[in-house]
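Here is a short report on one protein. Look over the sequence and the model, then read on for the salt bridges, a sheet and a helix.

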Amino acid sequence: MRSGVCIGVAAVLAVVLGGVASGRAHAAEPLPVSVSIAPQKYFVEKIGGGLVKVAVMVEPGANPHVYEPKPQQMVDLAKSKIYFAIGDEFEDAWLGKLSASNPGMRIVRTDAGIIKPPMGAHHHHDEEEHEEGHAHHDGDDHHPGHEGEHHHEGGDPHIWLSPPMVMMQARSMASALIDADPVNITAYQENYKKFIDEIAALDMELKGTFQGGGQREFMVFHPSWGCFAQAYGLTQTPVEVEGKEPKAAELKELIDHAKEHGVKVVFVQPQFSEKSARMIADSIGGQVVAADPLSADWAANLREVGAKFKEALK
């Protein structure tokens with residue numbers, strides 16, 4: 001992991017040392033940027049600190065699959081110099097409109113170069129295929145988006161829940177911020193290196209949490225935690241099928257599967273209904289536990305959810 005971190009830092013420094021032509025000369029105001037979801041705000045602020053002002057399009061507690069920006073958000077967007085896209089379904093519906101409303105805004109696709117695992121269905125897949133991917137450019141402008149989370153062709157879009165994948169997203173963010181604001185190059189460099197060290201430490205902590213044998217499968221309503229599961233050798237079994245509630249036969253299959261594999265906890269997120277999850281939990285004598293993939297306090301949330309998963313796997 002440490003060698004990967006060094007490569008990431010070196011890549012950003014190479015961009016810087018190669019020369020940056022554009023920038024803001026001693027800007028007095030923070031650089032206005034926009035992101036799709038709250039965890040991205042955490043990432044950008046870690047790198048940009050007080051040099052950036054971050055607007056989040058999908059508000060906390062909202063379902064990104066059906067969210068529509070509010071008028072004030074569109075006003076904020078019109079001022080943004082950069083939009084950090086992440087490959088979420090919200091962007092499939094809105095990114096073209098958002099870009100049209102602010103043609104001078106640079107779109108940086110932070111999921112570019114990341115190999116995403118397939119979205120889970122009601123079957124096991126080999127979590128030993130631990131593909132973390134590698135970023136081969138700075139994530140700018142021309143990387144095609146996925147086809148939508150409920151269709152699965154582009155893989156699991158929840159890349160912000162995997163610390164190794166966040167390292168790659170951070171590289172794209174740092175490069176774009178330095179390009180837009182080279183006068184503050186030193187601050188961005190230093191903040192980026194600190195953030196990478198923090199991510200690496202969190203990654204090692206989570207690996208320690210899940211080391212050893214025992215149960216490796218957890219059940220979730222919405223398949224949000226596949227990237228996290230891949231990073232730590234776990235398997236998520238989702239209740240939801242292609243964005244739809246399970247039918248009666250599928251629900252029975254899930255209940256039988258849970259009983260067979262000793263699953264006692266069904267994880268839910270606040271943006272979705274927990275009706276089916278609670279039905280399964282009642283049928284297996286288990287419980288429903290919250291695990292929010294969109295929490296604004298990214299690092300603390302991963303520690304908290306990791307502990308919940310670990311407890312459920314006992």
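The count of salt bridges comes to 10. A salt bridge here is a side-chain nitrogen of Lys or Arg within 4 Å of a carboxyl oxygen of Asp or Glu. This is a predicted model: local features need pLDDT of at least 70, side-chain atom pairs count only at pLDDT 80 or more, and totals for chains, interfaces and linings use all residues. Residues are numbered from 1 along each chain as its sequence is written, and side-chain values use heavy atoms, leaving out hydrogens and water.

| Pair | N to O distance |
|---|---|
| Arg-106 and Asp-179 | 3.1 Å |
| Lys-207 and Asp-203 | 3.5 Å |
| Lys-314 and Glu-311 | 3.1 Å |

Take the salt bridge between Arg-106 and Asp-179. Arg-106 lies in strand β4 (residues 106–109) and Asp-179 in helix α5, so the pair ties together parts 73 residues apart in sequence. Helices (H or I, at least four residues) and strands (E, at least two) are DSSP runs, numbered from the N terminus. Arg-106 is buried, at 18% relative accessible area. Asp-179 is partly exposed, at 28%. Buried means under 20% relative accessible area, exposed over 50%, and partly exposed in between (1.4 Å probe, protein chains only).

Lys-207 and Asp-203 both sit in helix α6, 4 residues apart, or about one turn of the helix. Asp-203 is buried, at 0%, while Lys-207 is partly exposed, at 33%. Lys-314 is exposed, at 75%.

Now the sheet. It is open, with 4 parallel strands in the order β6-β5-β7-β8. β6 (235–238) and β8 (287–290) are the edge strands, each pairing on one side only. Two strands pair if DSSP finds at least two bridges between them. β7 (residues 265–268) and β8 pair over 4 bridges. Val-268 has Ala-290 in β8 as its bridge partner.

Which residues of helix α2 are buried? They are Ala-38, Pro-39, Gln-40, Tyr-42, Phe-43, Val-44, Ile-47 and Gly-48. That is 8 of the 11 residues of α2 (residues 38–48), so the helix is largely enclosed by the rest of the structure. Its buried residues pack against β1 (31–35), β2 (52–56), β3 (82–85), α5 (163–180), α6 (185–209) and α10 (298–312). Just after α2, Gly-49 takes a positive phi of about 55 degrees.

Overall, the protein has 10 helices and 8 strands. Of its 314 residues, 52% are buried.

How values were computed
Contact = heavy atoms within 4.5 Å.
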